[in-house]
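Trainee: Could you walk me through this structure? I would like to begin with how the strands pair up.

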Amino acid sequence: MGSRIRENVKHFFECFCEVVPPTADKEAWIIQQYPDTYNDEEVLKSVPKFAYPYKFENTIIQHYSFVLTDIESKWTFGFCRHDPKSETALVVLTYLPWHQAFYKFLDNIAVLTQSPRSEDLGEFLRDVHNRKLPDPGKMFEVTFNKGESMFAVERPKQFQLPSIPENRNLTEYYNAVDANNMMLIFASMLYERRIIFTSKKLTRLSASVQSANDIIYPMLWQHIFIPVLPMALIDYLLAPMPFLIGVPDEVLKKVHRHEIGDVVILDADANTVETPFDDLNSLPQEVINSLKKQLKNRSALLGDGVSRAFLRALVQLIGGYREALHFQPGEKVTFDRDKFIDSRPVTLQPFLKQMLHLQIFQQFIEERLEMLNTGLGFSDEFEIEACRYSEKTSSKLKQQYREWTSTMRKEGTAFFKSVKEKANPAMKSAVKTVKDGGKGVKSAYKGLRSKLRENQSPQQLQNGLDSPNDKPRSAPNSPTGKRRSLGFSVPTTTYRKDSLNFKSSTSERAYSPLTPISQPLSPDTSDRSRSGTPGLDIPRIDLMTEMQDLLQLRLDTPPVDRSVYHFICVHICPLAYVANNSLSVKTG
């Protein structure tokens, strides 16, 4: 268990692939990749399956993503782009879950495939791959076209909640599913059910699954997680353990309902939920009432309002975990399960007793203890909201914070000063976040840093079980890439209420190799030269003026589907004019 995101990532992306669609007698396959030194064969074998999860007719530009889980339960993200004017799919593999950034990156790549210089795309990929990643909140920039154009994206800030309309996944989920059904899925995830999302649209399907996982933050789904299920992996719907799977409508039609047993099914197109359980009403009533009240205030839901409403519900449920933390000088901080239950209101105790056995809660506790024992302290949005909530409801917790603060004044001033001076940029950012969260957070943070001076390694729990011999009732992680490579798609969604009218094309763009020496698509498909392609009129790109740039852009592609709920948001549609002739080309 624990975080699925890799630390100390070196590159913006690990590998770019162009994938040829399947034919009657041949499966989808990778025609070329960059860099050619990327050699994780298990991952590369999985890419075509998720680039073409089932046979579908593509009439609009679509972005979505999938994830492959390795043997250490770490995720490799794949971002995919389909264009009805292209015979191939574009895929980028990365360790970074920066959805908006990679959808923009794919749009740049798509533009460069139309460049009259075949080496432009390769040079652009090389420059992006070699560029050092910036600190959180800073810009990642790569210039091209002789310095006249720029690919620029912001590195997401630490602990930032998904917001509307900036986060495409959450925007699509909120657009498709009403508040009550979002709460039903939220409750089912807290009970670790077998959950199916279905839709006719890949973008809506995977975005909804991804967002459902996002709104249980600070917890993380620990089981089978496949936002778009390829037809080849349909048997995973028969798995007896918890799962969260996005099943395209055409794939779900191939399944006999009686074979999959008790499942929760959300139809994101019809906005309906079928469930044999009463999970929402099984949650503490005061938590549900508070959540409903916040989600009814529609004017407050733009920005991070939706994410924060669910975060506050989790604060009510598990924010009191800190009252069960055991501090002993010179020892690691530990978690007392019995004290946790006894310290909570009677109305919460029945649910929390069940929650102790769930993997999502065990992961949460392990992560919190690691934050404390490694000196990070209370430094994310959950802890800030927990402090705010405790100031209103818990005099006991207030007293505990006062004691921590007193200890800090007496023993830890010098230590805290030393930590601040030696902290890396990420730590400084976390400290600033805590300070901005309020006096309660600041005091709690300082006190914990003092108490934890000598604690440098994470506390390992016994998975929240009653005894070391007990087994968790929850399911294991998703299959790993080293066994049977599995992924899940997470498409983007669009934000504009009206379509963007791009210049129409007179003919479809056939696949064209990206280097002069590249081979044709297949033995049956001849190469179409780009030598007659007109030059691209590419404006200077800047995130602050993206809408203006977008209006200047002329693409030979159809409009992107961009439905939205209450507002119009700018779709990030970047371009680039860059190059590299070191792409490797694969033949069938």
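Mentor: Strands β8 (residues 194–199) and β10 (residues 243–248) run parallel to each other and pair over 6 bridges. Strands here are DSSP runs of type E with at least two residues, helices are runs of H or I with at least four, and both are numbered from the N terminus; two strands pair if DSSP finds at least two bridges between them. This is a predicted model, in which local features need pLDDT of at least 70 and side-chain atom pairs count only at pLDDT 80 or more, while totals for chains, interfaces and linings use all residues. Residues are numbered from 1 along each chain as its sequence is written, and side-chain values use heavy atoms, with hydrogens and water left out.

Trainee: Which residue in β10 is the bridge partner of T198?

Mentor: T198 has V247 as its bridge partner in β10.

Trainee: And what does β8 do with β11?

Mentor: β8 pairs with β11 (residues 264–267) in the parallel sense as well, over 4 bridges, and there I195 has V264 as its bridge partner.

Trainee: What is the strand order in the sheet?

Mentor: The sheet is open and has 5 strands in the order β9-β10-β8-β11-β12, with mixed pairing. β9 (224–226) and β12 (272–274) are at the edges with a single partner strand each, so one side of each has no neighbour in the sheet. From one strand to the next the twist averages 20°, an angle taken on the 0 to 180 degrees scale between N-to-C directions of axes fitted to C-alpha atoms.

Trainee: In which sense do β11 and β12 pair?

Mentor: They pair in the antiparallel sense, over 3 bridges, and I265 stands opposite E274 in β12.

Trainee: Back to β8, how many of its residues are buried?

Mentor: In β8, 6 of its 6 residues are buried, where buried means under 20% relative accessible area, exposed means over 50% and partly exposed lies in between, using a 1.4 Å probe and protein chains only. In a regular strand the side chains alternate between the two faces of the sheet. In β8 both faces are covered, with R194, I196 and T198 on one side and I195, F197 and S199 on the other.

Trainee: What does F197 touch?

Mentor: Leaving out residues up to four places away in sequence, F197 touches several residues, including Y173, L205, V209, L244, V247 and L266; a contact here means heavy atoms within 4.5 Å.

Trainee: Which residues touch the most other members of the largest nonpolar core?

Mentor: That core has 139 residues, and F12, F13, F105, L190, F197, L237 and F335 touch the most other members. A nonpolar core is a set of buried Ala, Val, Leu, Ile, Met, Phe, Trp, Tyr and Cys residues joined through side-chain atoms within 4.5 Å. Helix α11 (residues 305–318) gives the largest share of the core, 9 residues. Domain 1 (15–155) and domain 2 (168–277) both contribute residues, so the core lies between them; the domain bounds come from an automatic or database assignment.

Trainee: New topic: is helix α4 buried or exposed?

Mentor: All 9 of the 9 residues of α4 (residues 168–176) are buried, so the helix is largely enclosed by the rest of the structure; among them are R168, E172 and Y173.

Trainee: And the chain as a whole, how many helices and strands?

Mentor: The protein chain has 19 helices and 15 strands, and buried residues make up 58% of its 588 residues.
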